[in-house]
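Me: I am new to this structure and would like to learn how to read its features. Could you guide me through them step by step?

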Amino acid sequence: MANTYDFGLVGLGVMGRNFILNVADNGFTAFGNDLDEEKVSALIEEGGDTAKVNATSDVVTFVNGLSTPRKIMLLVPAGKVVDIVIENLLPHLDKGDIIIDGGNSFFTDTDRREAYLHEKGINFFGAGVSGGAKGARKGPSIMPGGSRDAYQHVKPIFEAVSAKYEGEPCVAYLGPKSAGNYVKMVHNGIEYGLMQLTSEIYDLLKKAGHLTNEELHQTYASWNAGRLQSFLVEITSEIFEQKDDLGDGHLVDKILDKAKQKGTGKWTSQNAMDLGIPVPTIDVAVSMREISALKEERIKADELYGRPTPESVVKKTLVDKAESALYFAFIITYAQGMHQLADASKEYGYELELGEIAKIWRAGCIIRAALLADITEAFKADTGLRNLLLSPSFVGKVQETVGAARELVAYGATNGIPLPGLSNALTYFDAYTSSRLPLNLIQAQRDYFGSHTYERLDKEGTFHTEWED
Ligand code: 6PG
């Protein structure tokens with residue numbers, strides 16, 4: 001049985017099991033490895049007698065069972081486990097073999113592992129995989145980064161198993177080193193932003209428009225049939241339909257309003273701050289998960305302060321404005337994420353092609369949306385585009401919808417309905433499109449109290465003023 005399987009996969013949890021079955025469905029033979037015997041047996045059973053899938057808990061049998069150069073994907077929890085698995089595999093590998101980390105690893109960990117393995121002649125890829133369990137089984141979006149030459153060995157398998165958008169695979173070689181993990185991190189930052197926006201618009205529709213769950217279901221479903229078509233809007237419409245099987249009513253109303261997080265959104269914000277890139281809609285989406293965790297404090301504060309009773313509105317008008325505002329804020333969120341990718345690419349030498357990234361996000365991943373076809377076009381038309389808002393093809397879309405965002409942000413502020421994603425998107429837009437901002441005053445203040453100097457509009461050079469005299 002030596003040197004037979006085309007593809008190896010370590011970590012037969014939900015994602016790993018689904019991914020390896022997908023590989024086998026696409027005509028490749030695949031060998032799984034997990035320390036857990038139950039997971040090994042479960043995969044062998046699920047693979048049936050196709051002879052395309054097999055599994056073992058023994059690492060030597062696993063490595064010897066793969067054709068060379070070996071292509072071994074890890075779908076294990078990010079962090080220390082990745083290092084442990086690499087160390088277990090290493091003594092049995094040959095030069096030229098390829099390890100692919102398919103988890104949400106922090107990009108600097110990927111750089112460290114890539115450098116370490118490179119010295120040993122092993123190729124290392126960080127490849128973000130998006131789409132959850134169903135995506136892994138039926139076609140995810142895959143974001144690989146690493147050696148361009150080694151990618152040629154992985155390419156046929158990844159292209160076969162990935163999601164397809166109008167026949168085109170949702171995978172592409174993105175760049176060297178941690179480029180793939182970085183892109184997946186920003187994907188998740190955008191995911192946080194879009195999720196925050198869809199949930200705060202739900203809050204608005206419920207509190208101001210008194211929409212029932214059935215009406216919310218219909219509303220999100222109709223939006224999903226239009227320009228807001230996206231995976232997140234689609235599943236949101238389905239969530240409102242779900243009845244509670246443990247009691248009366250709808251499940252959504254019984255779910256505790258504390259959102260957990262595994263850290264990728266926070267990493268996106270932290271790194272954006274480090275690089276000096278403004279992504280306020282993503283930042284506030286992370287902050288809202290943190291505020292949501294303060295449930296007990298929120299209950300006390302609610303009793304202390306209360307809130308205004310929302311003024312009545314015409315339901316149909318509210319729904320139409322919400323659709324426009326959500327579309328506007330989706331554009332701004334993608335714009336911020338793409339801007340982060342553009343700047344990070346320069347900083348880290350990834351040489352990312354933003355049109356290519358938008359293209360592989362059009363299907364399979366969590367942030368897939370009709371809008372990504374337009375974003376792909378915008379970045380393909382101008383490969384040096386700094387910000388989506390500067391693309392002529394987006395000016396009309398934004399101008400048409402920003403008015404609704406203004407009205408809803410004003411309504412939310414007056415009526416005590418928090419719309420932090422929408423208001424941050426609007427503020428970002430207003431600031432980014434202002435040729436003159438009041439930050440001249442900040443420069444004056446800095447120079448006043450700390451002699452930090454300032455530049456002038458009308459003269460070259462650096463200036464300082466003795467303000468107190
Ligand atoms: C994906 C998702 C996935 C992520 C979950 C949970 O693209 O399939 O981004 O990788 O782990 O969305 O993330 P949080 O627990 O941080 O919400």
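**Salt bridges and burial**

Reply: Arg17 has a relative accessibility of 25% and therefore counts as partly exposed. Here buried means under 20% relative accessible area, exposed means over 50%, and partly exposed lies in between (1.4 Å probe, protein chains only). The model is predicted, so local features need pLDDT of at least 70 and side-chain atom pairs count only at pLDDT 80 or more, while totals for chains, interfaces and linings use all residues. Residues are numbered from 1 along each chain as its sequence is written, and side-chain values use heavy atoms, with hydrogens and water left out.

Me: What does the side chain of Arg17 meet in a salt bridge?

Reply: A salt bridge is a side-chain nitrogen of Lys or Arg within 4 Å of a carboxyl oxygen of Asp or Glu. The side chain of Arg17 meets that of Glu46 in such a bridge, at 3.0 Å from N to O. This pair links distant parts of the chain, 29 residues apart: Arg17 is in helix α1 (residues 14-25) and Glu46 in helix α2 (residues 37-47). Helices (H or I, at least four residues) and strands (E, at least two) are DSSP runs, numbered from the N terminus. Glu46 is partly exposed, with a relative accessible area of 44%.

Me: How many salt bridges does the structure hold?

Reply: The structure holds 25 salt bridges. One of them joins the side chains of Asp94 and Arg70, at 3.0 Å from N to O. Asp94 lies in the loop between α4 (80-89) and β5 (98-101), and Arg70 in the loop between α3 (59-64) and β4 (71-74), 24 residues apart. Asp94 is partly exposed at 40% relative accessible area, whereas Arg70, at 4% relative accessibility, counts as buried.

Me: Which residues are linked in a network of salt bridges?

Reply: The network links Asp83, Asp101, Asp109, Arg112 and Arg113. Within it, the closest N and O atoms of Asp83 and Arg113 are 2.9 Å apart. Asp83 is in helix α4 and Arg113 in helix α5, 30 residues apart. Arg113 is buried, with a relative accessible area of 2%, while Asp83 is partly exposed at 23% relative accessibility.

**Aromatic pairs**

Me: How many aromatic pairs are there?

Reply: Rings of Phe, Tyr and Trp (its six-membered ring) pair if their centres lie within 6.5 Å; planes under 30 degrees apart count as stacked, over 60 as edge-to-face and the rest as tilted. By this rule the count comes to 21 aromatic pairs. Phe107 and Tyr182 form an edge-to-face pair, 5.0 Å centre to centre with 80° between the planes. Phe107 lies in helix α5 (residues 107-119) and Tyr182 in helix α8 (residues 179-207), so the pair ties together parts that are 75 residues apart in sequence. Both Phe107 and Tyr182 are buried. Tyr428 and Tyr432 give a stacked pair, 5.8 Å centre to centre with 5° between the planes. These two tyrosines are four residues apart in helix α18 (residues 420-432), which means that about one helical turn separates Tyr428 and Tyr432.

Me: Is Tyr428 buried or exposed?

Reply: Tyr428 is buried, because its relative accessible area is 6%. Tyr432, at 33% relative accessible area, is partly exposed.

Me: Which residues do ring pairs link into a cluster?

Reply: The cluster consists of Phe106, Phe107, Tyr182, Trp267, Tyr348 and Tyr350.
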